[in-house]
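Please read the following briefing alongside the model and its sequence.

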Amino acid sequence: MLLLLDFDGTITSVDTLDAIVQRYAPAVWDETEAALQAGTMTLNEVIAYQFARVPAGLDELLAFLRAAVVIRPGLPELVAMCRERFIDPVVVSSGFLQLIEPLLRDVGIALPVIAHSARFAATGATVTFLDRPACVVCGEPCKRVAIPSLAHGRQVAYVGDGWSDRCGAKVADLAFARASLAAHLREEGVSFVPFEDMHDVRAGIERYLSVA
Ligand SMILES: [Mg+2]
Ligand SMILES: [Zn+2]
């Protein structure tokens, strides 16, 4: 089994990108959130636009996040269960490697991370997006596109909370959702397991494997 984990709002208590933009460019956050919901900007356009307007270096942003963000309980136990059961956990994020890897390292977790890249600076950040073709379902280079080459035919469990998880969660064999992803899947009639921490995810996977 492949276990795909969203990072922001899923592994973490709060979305690191939202927290940064709300702190460093609050007016931009309101503007782009409306554009995303209205469909006038894609997620990647929103991210590039927002972070070009965040005037802070990497060290400052990491210090801000270390004070603002909590890693949800149960991640070490989830990773240990994956090792025992030969489940392959991978973090798939619409955020930035430069922020995710240090925050995971802080709690002693080393996982493969697939995410965008950013060079942060006092003049605003430059974002380099993953090179991914457009998804046939949503039309964006979404996380769904990355799944076949990671899964190699294995079952897929997906854990997420938000906009960028919609497509991926729908193709997974087992979806875990909270927050707006849970609301969206409920609306679309897609079944999922609700979670609030990684203990819930570990228990849900064990339950799934015991009946499968
Ligand atoms: Mg998220
Ligand atoms: Zn998609």
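A residue is called buried when its relative accessible area is under 20%, exposed when that area is over 50%, and partly exposed in between, as computed with a 1.4 Å probe on protein chains only. By this rule C135 is buried, because its relative accessible area is 5%, whereas C138, with a relative accessible area of 40%, is partly exposed. This is a predicted model, in which local features need pLDDT of at least 70 and side-chain atom pairs count only at pLDDT 80 or more, while totals for chains, interfaces and linings use all residues. Residues are numbered from 1 along each chain as its sequence is written, chains are lettered from A and ligands numbered from 1 in the order in which they are written, and side-chain values use heavy atoms, with hydrogens and water left out.

**Zinc site**

- The zinc ion (ligand 2) has as its protein donors (N, O and S atoms within 2.8 Å of the metal, or 3.2 Å for Na, K and Ca; water is not among the atoms, so sites may look incomplete) the SG atoms of C135, C138, C142 and C167, which lie 2.2 to 2.4 Å from it.
- Along the sequence these donor residues follow the spacing C-x2-C-x3-C-x24-C.
- The arrangement around the zinc ion (ligand 2) is tetrahedral because its four donor atoms subtend angles of 103 to 117 degrees, the criterion for four donors being that all angles lie between 85 and 135 degrees.
- For comparison, the ideal angle for four tetrahedral donors at a metal is 109.5 degrees.

**Magnesium site**

- The magnesium ion (ligand 1) is coordinated at 2.0 to 2.1 Å by D6 (OD), D8 (O) and D161 (OD), and its donors are spaced D-x1-D-x152-D along the chain.
- Two of these residues link distant parts of the chain, 155 residues apart: D6 is in the loop between strand 1 and helix 1 (16–24), and D161 is in the loop between strand 5 and helix 8 (166–171); helices (H or I, at least four residues) and strands (E, at least two) are DSSP runs, numbered from the N terminus.
- D6 counts as buried because its relative accessibility is 3%, and D161 counts as buried at 11%.

- Seven strands form an open sheet of mixed pairing in the order 4-3-2-1-5-6-7, where two strands pair if DSSP finds at least two bridges between them.
- Strand 4 (126–128) and strand 7 (193–194) are the edge strands, each pairing on one side only.
- Strand 5 (residues 156–160) runs parallel to strand 1 (residues 2–5), to which four bridges join it; L3 has A157 as its bridge partner, and L2 has V156.
- Four bridges also join strand 5 to strand 6 (residues 174–177), again in parallel, and G160 stands opposite A177 in strand 6.
- Both faces of strand 5 are covered, with V156, Y158 and G160 buried on one side and A157 and V159 buried on the other.

Note on methods:
Four donors count as tetrahedral if all angles lie between 85 and 135 degrees; four count as square planar and six as octahedral if opposite donors are over 155 degrees apart and all others between 65 and 115; anything else is irregular.
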